[in-house]
Amino acid sequence: MQVPASFQYRKATSIEHALTLLAEYGPESVVVAGGHSLLPMMKLRLAHPEALIDINDLDELSGIRVQRGQLVIGAMARHAELLASRDAGHHFPILHDAERVIADPIVRNRGTVGGSLCQADPSEDLSAVFAALRAVLLVRGPDGERTVPARDFFVGPYETVLAPGELLVEIRVSLRDSRSAYVKVDRRAGDWAVGAAGAVLTVAGGVVTEVGIGVTALGAPRFVAEEAEAFLTGGPPTQERFAEAGRLAAQHCRPAADQRGPVDYKRHLAGELVTRALRRAMERN
Ligand SMILES: Cc1cc2nc3c(=O)[nH]c(=O)nc-3n(C[C@H](O)[C@H](O)[C@H](O)COP(=O)(O)OP(=O)(O)OC[C@H]3O[C@@H](n4cnc5c(N)ncnc54)[C@H](O)[C@@H]3O)c2cc1C
């Protein structure tokens, strides 16, 4: 049986307390949310923090609400809560599309939205979803609060802009008249994506006025298909243009071959999934 190296454990009672504990234990301390990514990594000795700061009791980080024209998702909201949220599903069906295919009920009951983003796994579904939604993340640290666009949050695989001692507090998505969808290919139900894509479209006067396209597991820089977005913006939302957007997404992604498939297959998948996500989003009214 794999066991982690020894570590200190402290339970935070407020955000301020969590920040104090992170400062007290220094850069070798990390917060634990659902623990579904961190604990397996500790057992495999891929992560060996000296102190775990448990943020599970922090009500300030929980909940999903509509507030001042935004959907606000607490960093500690569980996947299952996001899947159950009427507000989330009503305004952004992409969130429910994605949550339905993330892992299984056991993981979804415990794993958190904030933990998913902070883990920055290159196959994480919600990273692509919030990049497509152009969400903004609220971060708090010893020097106060700052906001970071989701698209600027990811530095590379398993790396974000969070500095040691900083906490992700909430995710904010501006409400707008949009259509959205998420499509994923996995090897079996509940598995990590072979590839997945999400699209968020705003159409007015017969043209696409805003579009976000997120892609995961297929080597899209920062989880975004930027060239496809630029191509679609300002033109009519036609099937042909969606196909061309898929072609651009495939051309500009940099997938890596692994046990889920070779590069050519993944590149093909990127194009297909982007086109399908756009079509499915457009079909929604
Ligand atoms: C069997 C299995 C299948 C899975 N399948 C999928 C899948 O199909 N798709 C998918 O996207 N994911 C999948 N996951 C991952 C799942 O979504 C995890 O819940 C998620 O990656 C991590 O969330 P967590 O709350 O467990 O974070 P934790 O494991 O607690 O933390 C992960 C990292 O984020 C940091 N962190 C957590 N919260 C914060 C915060 N508020 N501020 C700063 N840092 C923070 C931690 O310090 C740690 O470094 C799967 C996991 C498992 C175990």
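Leaving aside neighbours within four places in sequence, which residues is T275 in contact with? The residues are F242, A243 and G246, where contact means heavy atoms within 4.5 Å. This is a predicted model, in which local features need pLDDT of at least 70, side-chain atom pairs count only at pLDDT 80 or more, and totals for chains, interfaces and linings use all residues. Residues are numbered from 1 along each chain as its sequence is written, and side-chain values use heavy atoms, with hydrogens and water left out.

T275 lies in helix α12, residues 263–283. Helices (H or I, at least four residues) and strands (E, at least two) are DSSP runs, numbered from the N terminus. T275 has a relative accessible area of 8%, so it is buried. Buried means under 20% relative accessible area, exposed over 50%, and partly exposed in between, with a 1.4 Å probe and protein chains only. The T275 side chain also reaches the backbone oxygen of F242 at 3.3 Å. That is a polar contact: a pair of N or O atoms within 3.5 Å; within protein, one must be able to donate a hydrogen and the other to accept it, and residues adjacent in sequence count only if both atoms are side-chain atoms. A249 sits 26 residues from T275 along the chain, and their C-alpha atoms are separated by 9.1 Å.

Now step back to the whole chain. It has 12 helices and 13 strands. Its radius of gyration is 19 Å, close to the 19 Å that the globule rule gives for 285 residues, so the chain is as compact as a globular protein of that length. The radius is taken over C-alpha atoms, and the rule is 2.2 Å times the number of residues to the power 0.38. Along its principal axes, the C-alpha trace spans about 55 × 45 × 30 Å. Buried residues make up 50% of the 285. Among contacts with a separation of 6 or more, 62% join residues 24 or more positions apart.

The domain assignment gives domain 1 (8–54), domain 2 (62–174) and domain 3 (179–283). These bounds come from an automatic or database domain assignment. The C-alpha centres of domains 1 and 2 lie 19 Å apart. Across that pair, 12 residues of domain 1 are in contact with 14 residues of domain 2.

V31 is in strand β2, residues 29–32. With 27% relative accessibility, V31 counts as partly exposed. Beyond four places in sequence, V31 touches L22, L38, I53, I55 and L167. V31 and L167 are 136 residues apart in sequence, yet 8.2 Å apart in space, C-alpha to C-alpha. D54 lies in strand β3, residues 51–54. D54 is buried, at 8% relative accessible area. A polar contact of 2.8 Å joins the side chains of D54 and N56.

What lies at the centre of the packing? In soluble globular proteins, nonpolar side chains tend to be buried together. Here the largest nonpolar core has 39 residues, and those with the most contacts inside it include I73, I94, F130 and I171. Such a core is a set of buried Ala, Val, Leu, Ile, Met, Phe, Trp, Tyr and Cys residues joined through side-chain atoms within 4.5 Å. Among the elements giving it two or more residues are β5 (70–74), α8 (125–132) and β10 (167–174). The largest share, 6 residues, comes from α8. The core draws at least three residues from each of domain 2 and domain 3. Apart from it lies another core, of 27 residues, among them V183, L232, A270 and A277.

Helix α8 is mostly covered: 8 of its 8 residues are buried. Just after α8, R134 takes a positive phi of about 50°.

End on strand β10, which holds R172. R172 is partly exposed, at 24% relative accessible area. Its side chain makes a 2.8 Å polar contact with that of E170. Beyond four places in sequence, R172 touches residues including Q70, V72, V136 and T147.
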